[in-house]
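My notes follow in the order I took them.

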Amino acid sequence: MSQPYAFPPYASLPPAPASSPWRLGFGGLLRSEWLKLRSMTSTWVLVGISSVLGLYMTATSARAGLYFLDMLNQEYDTGIGIYNLSASMWGAPVWSGVLLALLGVLSITNEYSSGMIRTTLTVTPSRWPALAAKAIVVAAFAFVSTIVAEFLGALLTLPQATGVRFDLFLPSGLRVWVGSSLVLALMALLGLGLGTLVRSTAVSIVAYFGVMLILPLLFLFGVAAASSTYSGPDSSDVAFWMLLHMPAVAPFGVFTTIFDKPIEGVPIAVAGAVGATLFWTLVPLGLGFWAFQKRDV
């Protein structure tokens, strides 16, 4: 009579993998987000237009902006060194901020429109690392692209800026150069937060312009209406202080020196400008993270 087959003990079986092979760690998520960002045609179109506009604004400021800064010095005694090349770079982030915010919006809304967001969530152990990896990649890309574009703009502008000192590696220049690049990275994160929150490219763009432009206008109308019925002590100074901390104004206090001294008698602190810029960026981004965790998709 044949012997029954003896199954090997359970201990001899190979151990099961701790995690599924198609799940990505955080490093894999970073590589995945970088691949998605660089594969979008809109990424390079937006960065290209942003760089061209930054170069144009820098070159224009080198010719006309220094004269304006001289007038500003005479009027308000801002102490701005008009012989520094970095002073001609103040206008570079104006349009670049809009375009990089749009890049942040498209980095997430394209995934929703194409359905790729379902694949992203499938290979992600939990949701917050996926959005955190996207935020890191988008902010880093915006920062590096701005650093490179502004440096090239400074080199191209220097020959025509007669008598202007090349100060990009001095404290005055580093503040403008690196500070404006950080501000534009925050603008990209603002766009990412709005895009994650509403999941629509068009609505996100409207929301961005609402935060940057319509909100300050509504504030001004509210102040005008309030001043007609109330004129308490220093009410105009308080209103002016609040206006300078609006999302479209506060970032300039981060990378320029115009807020370093009191304006119209109202004390302005660089720390306040930095705090306001972070507030207007992190609130939409935080709401986007919260919505991303709570929704089904």
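I took a contact to mean heavy atoms within 4.5 Å. I then kept contacts in the chain between residues at least 6 apart in sequence, and 80% of these join residues at least 24 apart. I am working from a predicted model.

**Entry: fold**

I looked up the secondary structure next. The chain has 10 helices and 0 strands. Reading along the sequence, I noted the pattern α-α-α-α-α-α-α-α-α-α.

**Entry: burial and surface**

What percentage of the 297 residues is buried? I read off 44% for the chain. I used under 20% relative accessible area as the cut-off for buried. I then turned to the surface. The chain exposes about 15,800 Å². Carbon and sulfur atoms supply 72% of that area.

**Entry: cavity search**

Rolling a probe the size of a water molecule over the atoms shows where empty space is left.

**Entry: largest cavity**

I started with the largest cavity, which holds about 130 Å³ of space. I found 15 residues lining the largest cavity. Closest to its centre are S50, S51, S96, T146 and A149.

Which elements give two or more residues to this lining? I noted α2 (41-76), α3 (93-114) and α5 (127-157). The largest share comes from α2, with 6 residues.

I also sorted the lining of the largest cavity by class. I got 7 nonpolar, 7 polar and 1 charged residues.

**Entry: second largest cavity**

I moved on to the second largest cavity. Its volume is about 30 Å³. Which residues line the second largest cavity? I listed M187, L190, P247, P251, T277, W280 and T281.

I then assigned this lining to elements. α6 (171-198) and α10 (270-294) each supply at least two residues of the lining of the second largest cavity. The largest share, 3 residues, comes from α10.

By class, I counted 5 nonpolar and 2 polar residues in the lining of the second largest cavity, with no charged ones.

**Entry: recap**

For the largest cavity, I have α2 as the source of the largest share, and 1 charged residue in the lining.

Definitions and conventions:
Residues numbered from 1 in each chain as written. Predicted model: local features only at pLDDT ≥ 70, side-chain atom pairs only at ≥ 80, totals over all residues. Heavy atoms only, no water. Helix = DSSP H or I, 4+ residues; strand = E, 2+ residues; numbered from the N terminus. Buried < 20%, exposed > 50% of the residue type's maximum accessible area, 1.4 Å probe, protein only. Areas by Shrake-Rupley, 256 points an atom, 1.4 Å probe, with all protein chains shown as cover. 1 Å grid on protein atoms, 1.4 Å probe; cavity = no way out; pocket = protein on both sides within 12 Å on 5 of 7 lines; lining within 4 Å. Points joined across faces, edges and corners; volume = space filled by probe spheres on them. Nonpolar A, V, L, I, M, F, W, Y, C, P; charged D, E, K, R; others polar.
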